[in-house]
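Thanks for passing this one along for a second look. Here are my notes, in numbered points, to read with the structure open beside you.

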Amino acid sequence: MTATKITIDATINATPAKVWECWTEPAHITKWNFASDDWCCPHATNDLRTGGKYSARMEAKDGSFGFDFEVIYDEVVPMKRIAYTMLDGRAAVVDFEETGGATKVTTTFDAEAQNPAEMQRNGWQAILNNFKKYTEA
């Protein structure tokens with residue numbers, strides 16, 4: 001069975017270097033890695049290398065729900081591409097493309113089976129939109 005692939009993207013009005021820094025450094029990740037204002041990312045770690053591990057805690061601010069998002073990196077090309085495998089075996093690729101003073105970030109990921117694809121697309125896009133807002137501020 002082939003996993004459904006979902007693609008999201010956003011063009012960030014910032015250089016690839018700034019986008020990369022905000023995307024990969026835990027001090028920045030905790031400021032944008034959530035889909036809505038009633039959620040937060042209290043901590044993140046990032047061993048940014050092939051075979052390295054990324055981990056981020058996402059939780060509702062009221063403490064009603066939370067989860068850890070963990071991946072192992074398959075490929076890291078600075079300021080160009082990050083490919084990883086989530087602990088449940090799903091894969092994702094994030095591409096960073098310079099576009100005339102801005103940076104387009106495109107993520108393609110394998111959908112999980114528990115939730116509708118549109119719900120997953122909307123959630124991941126909301127996080128990417130939050131990243132754009134944070135990085136451009």
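The points below go from the overall fold to the strands, then to the core and its aromatic rings.

1. A reminder before the details: this is a predicted model. The protein has three helices and seven strands, and from the N terminus the elements come in the order β-α-α-β-β-β-β-β-β-α. The radius of gyration is 14 Å, close to the 14 Å that the globule rule gives for 137 residues, so the protein is as compact as a globular protein of that length. Along the principal axes, the C-alpha trace spans about 40 × 40 × 30 Å.

2. Of the 137 residues, 38% are buried. The exposed surface comes to about 7,400 Å², and carbon and sulfur atoms supply 53% of that area. If you take contacts between residues at least 6 apart in sequence, 46% of them join residues at least 24 apart.

3. Six bridges join it to strand β2 (residues 39–46), and the two run antiparallel; here His43 stands opposite Arg57 in β3. Strand β4 (residues 66–77) pairs with β3 in the antiparallel sense over seven bridges, with Ser55 opposite Glu70 in β4.

4. Now for the turns, if you like to check backbone angles. The hairpin of β2 and β3 has six residues between the strands, and Gly51 takes a positive phi near 90° there. Between β3 and β4 there are five residues, with Gly63 in the turn at a positive phi of about 80°. The hairpin of β6 and β7 has two residues between the strands, and Gly100 has a positive phi near 55°.

5. Which residue other than glycine has a positive phi near 60°? That is Met79, placed in the loop between β4 and β5 (81–86). As background, most residues other than glycine have a negative phi. Met79 is partly exposed, with a relative accessible area of 37%. I would simply keep this residue in view when you go through the backbone.

6. In soluble globular proteins, nonpolar side chains tend to be buried together.

7. Leaving aside neighbours within four places in sequence, Phe131 is in contact with Ile12, Val19, Cys22, Trp23, Trp32 and Val105. The C-alpha atoms of Phe131 and Lys31 are separated by 8.5 Å, although these residues are 100 apart along the chain.

8. A search of the whole structure finds 12 aromatic pairs. In one of them, the rings of Trp20 and Phe96 have centres 5.2 Å apart and planes at 70°, so this pair is edge-to-face. It links distant parts of the chain, with Trp20 in helix α1 (residues 16–24) and Phe96 in strand β6, 76 residues apart. Both Trp20 and Phe96 are buried.

9. A stacked pair is formed by Phe109 and Trp124, with 3.7 Å centre to centre and 10° between the planes. Phe109 lies in strand β7 and Trp124 in helix α3, so the pair ties together parts that are 15 residues apart in sequence. Phe109 is buried, with a relative accessible area of 0%. Finally, Trp20, Trp23, Trp32, Phe96 and Phe131 form one aromatic cluster.

How values were computed. Residues numbered from 1 in each chain as written. Heavy atoms only, no water. Pairing = 2+ DSSP bridges. Helix = DSSP H or I, 4+ residues; strand = E, 2+ residues; numbered from the N terminus. Contact = heavy atoms within 4.5 Å. Rg over C-alpha atoms; globule rule 2.2 N^0.38 Å. Buried < 20%, exposed > 50% of the residue type's maximum accessible area, 1.4 Å probe, protein only. Areas by Shrake-Rupley, 256 points an atom, 1.4 Å probe, with all protein chains shown as cover. Phe/Tyr/Trp six-rings, centres within 6.5 Å; stacked < 30°, edge-to-face > 60°.
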